[in-house]
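Visitor: I would like to go through this model with you, one topic at a time. Could you begin once it is on the screen?

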Amino acid sequence: MNNFLVLRLLDRLEGGFRRIGVDYRVMRSILQMKLTMDGRRTPTVLSGSQRKDEKKEGSPFRVQWMYVLMGVLMIMFILPQDHFMLQMSLIFSITMFMITTTLISDFSSVMLDLRDKNILFSKPVNRITLNMAKSIHILVYLLTLTLSLTGPTLIVSLFRHGILFFLLYAGEIILMDCFILVITALLYLLIMKFFDGEKLKDIINYVQILLTIGITVGYQLVSRLFNLVELSGAFKPAWWQYFISPVWFAAPFEMLFAGGSGQSYVLLTVLALLVPLLLIAAYVKLMPLFEQSVLKLAEQGTGGKENGRLADFLSRRICRSREEGMFFRFSWSMMKKERDFKLKVYPSLGFSIVFPFIFILNPVFTGNAAMLKDSRGYLFIYFSAMMLQTILLMLRYSASYKGAWIYRVIPLPGTGPIYRGMLKAALFRLLLPLFLVEAVLFIWLFGIHIIPQLAAALLSLLIYAVLCFRILPRALPFSEKFEAVKQKDFTASSFILLFILAGLAGVHYIFTLFPAGVYVYLLILVLANALMWKRTFV
Amino acid sequence: MKHEEEPVIAISGLWMNYTDRMVLRGIDLKVYRGQIIGYIGPNGAGKSTTVKIMLGLVEGYNGKVEIFGKDITEGDVSYKRRIGYVPEVAELYDSLTAREYLSFVGELYGMNRTDADDKAERLMGLLGLEKSYDVRISSYSKGMKQKVLLISSMLHDPDILFLDEPLSGLDANSVMVVKEIFASLAAKGKTIFYSSHIMDVVEKISSRIILINGGEIVADGTFAQLKEKSREGSLEEIFNQLTGFDKYRDIAGEFVAVIQGGDSHE
């Protein structure tokens with residue numbers, strides 16, 4: 001175990017801890033153990049991109065470069081000297097979003113570690129020591145996170161705006177941390193009050209998904225936001241801004257450094273100061289309740305009986321053999337339940353919905369809305385299939401990959417039915433609903449005349465799905481370990497597939513140039529589909 | 001049984017209820033030095049709850065629990081220094097290596113880190129795990145994890161051991177070693193309080209068997225005494241009789257009938 005810098009710093013305060021009844025030596029070893037374990041987790045921010053190195057000794061600060069990078073990006077918001085209200089609102093919004101979601105997604109497993117109870121409480125460790133260790137652990141985590149995110153802007157602000165600005169900024173960051181910490185804890189309390197442990201894990205899962213989408217979309221939007229900073233001028237107070245906490249924190253800057261005056265700024269400043277302090281007070285009062293609720297995490301939810309009627313119905317209609325239906329239903333329920341799968345796939349579903357519209361709506365915003373109806377913009381629906389690759393790549397992974405021994409012990413004639421069932425389940429569970437949502441919106445935008453075109457697109461995407469399956473390396477569904485994700489192996493195939501998708505859209509485009517060409521194309525596609533599906537799964 | 005000495009564990013009138021049901025309904029129990037107690041009962045009878053109350057893991061009970069002659073509600077946790085615990089599910093921080101985990105646990109019990117480390121390494125070696133000492137516990141097999149848990153519970157030389165299913169996952173040879181360890185610890189005056197579902201083991205190694213059912217003690221005594229009382233041959237049969245479970249033949253028969261029922265599966 002490492003001798004962490006934090007611990008060496010804490011050593012200086014040993015006397016103080018002892019005075020309030022903390023067994024310092026024990027607290028130190030608990031913290032050391034916790035920090036070591038933190039270093040061995042894979043955080044959500046990196047989960048998509050990095051392979052975890054089992055051998056390497058991590059430190060809890062290993063991943064912080066990611067946050068530091070975001071912190072550096074935020075420097076551009078702190079540079080201008082005239083719109084503090086807007087600049088600081090933006091900075092606080094981004095910081096608060098990042099910290100809150102990270103806290104919920106990554107640290108929850110730490111804050112709510114159930115093993116603590118059995119392992120630590122059964123030892124001769126008093127409550128003060130335990131609570132202090134827990135609090136310091138959270139504090140260390142929160143502070144490193146905050147410093148990585150705000151450090152760069154903090155330093156720049158010192159040189160650009162002076163010492164007073166710097167001090168105010170630093171003070172507000174501390175208040176903001178208090179605010180976030182208490183809000184997160186209260187949120188947990190609320191969730192745990194009404195739901196059981198499994199539901200909480202699901203909610204944490206969705207927050208993780210949100211974080212991943214947030215980061216990726218955030219990168220896309222950074223440039224636009226920068227334009228926003230340059231374009232929009234003065235801040236106009238509005239009633240709803242009193243409910244947005246980043247705005248509270250921005251108000252003092254406007255008041256002190258940009259000469260903003262008026263009741264609204266004073267009120268916002270008071271909120272920035274008062275709300276965090278009140279929340280902390282409430283938190284201290286509710287602390288015992290929190291401890292109790294944590295126990296609920298371990299409880300078994302009663303859970304309604306899962307009858308899987310939809311999967312059953314579909315498997316009967318669309319699967320040709322019993323084995324195929326079996327694996328259709330298996331993949332279906334695994335996709336529904338496997339949290340890691342959702343974490344990795346749902347963000348790309350989000351993009352798949354959003355991307356086509358970004359492309360279509362760009363001209364609308366620039367004022368060419370009238371042209372839309374006659375254009376071939378509906379071909380952008382092909383973008384919705386971009387997530388197919390991710391899905392097919394991810395279908396092989398599972399947190400409980402060891403269960404894959406079942407494939408080897410059951411008597412199966414071949415792997416064909418497994419793959420066909422799996423692919424159909426993925427298409428029906430993920431691609432089809434998404435495509436239908438997009439199709440409805442597209443019809444609303446373009447008019448009824450595009451229905452044949454959309455049908456052709458769907459058929460062509462089915463072919464694309466088979467191509468994806470053929471080109472990507474094969475593996476039995478849910479049979480490999482998540483942490484072994486080796487993205488590099490798939491980069492080449494991913495690029496090829498991207499070109500194929502563009503190619504399919506191109507072919508479709510050519511057919512739209514002829515009158516009634518789409519009907520010919522439909523016919524060809526039906527035949528091609530029949531052939532492809534038959535040939536691929538033997 | 002006559003005992004001149006003070007009991008190490010004295011429980012009287014212990015009641016406990018969770019929100020929806022009564023778990024313990026008036027447990028009275030005195031345990032003395034050198035006893036190996038098999039604490040048995042059907043699932044959900046309240047075995048783990050009793051142990052967790054004694055360890056201070058569960059609060060909100062009614063009644064009095066004294067360990068080493070002191071009421072545990074007084075807030076002094078130092079009695080835990082003389083207790084070792086192996087929890088029911090193999091719960092440990094498995095992203096740590098055995099070295100890190102065991103020396104950490106030793107420290108929690110107030111040992112010096114290097115002492116704990118040395119001792120743990122030797123104990124691991126004795127159980128045939130010297131090569132795995134610096135490997136993360138997450139890669140261990142079930143039996144290896146169980147050995148680590150056993151070591152962690154005895155590292156600090158406790159006077160009472162609470163063990164929940166201590167032999168699960170161990171191979172036959174390790175079981176013999178561990179049973180022998182229990183016997184010699186008891187001979188040295190340590191108290192071992194364990195629960196298990198494997199009746200053969202309980203029958204062989206316990207010096208006293210306590211059977212609880214529905215939150216109440218329904219039998220307490222040596223195996224010979226229990227046998228005399230219920231006039232059954234093995235502990236298994238005594239268990240069945242005292243817990244009022246006599247349908248095992250019917251259930252097994254039906255089970256096999258369902259298996260052979262043929263085409264009802266897909």
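**Sheets and cores**

Guide: In chain B, 4 strands make up an open sheet with antiparallel pairing, in the order S2-S1-S4-S5. Please note that this is a predicted model.

Visitor: Which strands are the edge strands there?

Guide: They are strand S2 (22–31) and strand S5 (70–71) of chain B, each of which pairs on one side only.

Visitor: And how many bridges join S4(B) to S5(B)?

Guide: Strand S4, residues 62–67 of chain B, is joined to S5(B) by 2 bridges, and the two run antiparallel. Within that pairing, Glu66(B) stands opposite Asp71(B).

Visitor: Which helix packs on this sheet?

Guide: Helix H1 of chain B, residues 47–54, does so, touching strand S1 (9–17), S2 and S4 of chain B. The direction of H1 makes about 120° with that of S1(B).

Visitor: Let us turn to the sheet with 6 strands. What is the strand order?

Guide: The order is S6-S7-S8-S3-S9-S10 in chain B; this sheet is open as well, and its pairing is mixed. Strand S6 (83–86) and strand S10 (216–221) stand at the edges with a single partner strand each, so one side of each has no neighbour in the sheet. On average, neighbouring strands are turned by 15° against each other, direction ignored.

Visitor: Which helix lies across S9(B) and S10(B)?

Guide: Helix H8 of chain B, residues 235–242, lies across strand S3 (36–40), S9 and S10, and runs at about 30° to S9(B).

Visitor: A change of topic: what does chain B look like overall?

Guide: Chain B has 9 helices and 10 strands. Its C-alpha atoms fill a box of roughly 60 × 55 × 40 Å along the principal axes.

Visitor: What share of its residues counts as buried?

Guide: Of the 266 residues in chain B, 50% count as buried. The accessible surface of the chain comes to about 13,200 Å², with 49% belonging to carbon and sulfur atoms.

Visitor: And the contacts along the sequence?

Guide: Among contacts in chain B with a separation of 6 or more, 66% are between residues 24 or more positions apart.

Visitor: Which residues have the most contacts inside the largest nonpolar core?

Guide: They are Ile30(A), Tyr101(B), Phe162(B) and Phe193(B), in a core of 104 residues. Helix H3 of chain A, residues 24–39, gives the largest share, 8 residues.

Visitor: What does Ile30(A) touch?

Guide: Leaving aside residues up to four places away in sequence, Ile30(A) touches Leu120(A), Val125(A), Leu130(A) and Ala133(A), together with Phe104(B) and Leu108(B). Another core, of 71 residues, lies apart from the largest one; Tyr346(A), Leu388(A), Phe446(A) and Leu461(A) are among its residues.

Conventions:
Residues numbered from 1 in each chain as written. Chains lettered and ligands numbered in written order. Predicted model: local features only at pLDDT ≥ 70, side-chain atom pairs only at ≥ 80, totals over all residues. Heavy atoms only, no water. Pairing = 2+ DSSP bridges. Axes fitted to C-alpha atoms, helices over the stretch in contact; angles between N-to-C directions. Contact = heavy atoms within 4.5 Å. Buried < 20%, exposed > 50% of the residue type's maximum accessible area, 1.4 Å probe, protein only. Areas by Shrake-Rupley, 256 points an atom, 1.4 Å probe, with all protein chains shown as cover. Core = buried A, V, L, I, M, F, W, Y, C linked by side-chain atoms within 4.5 Å.
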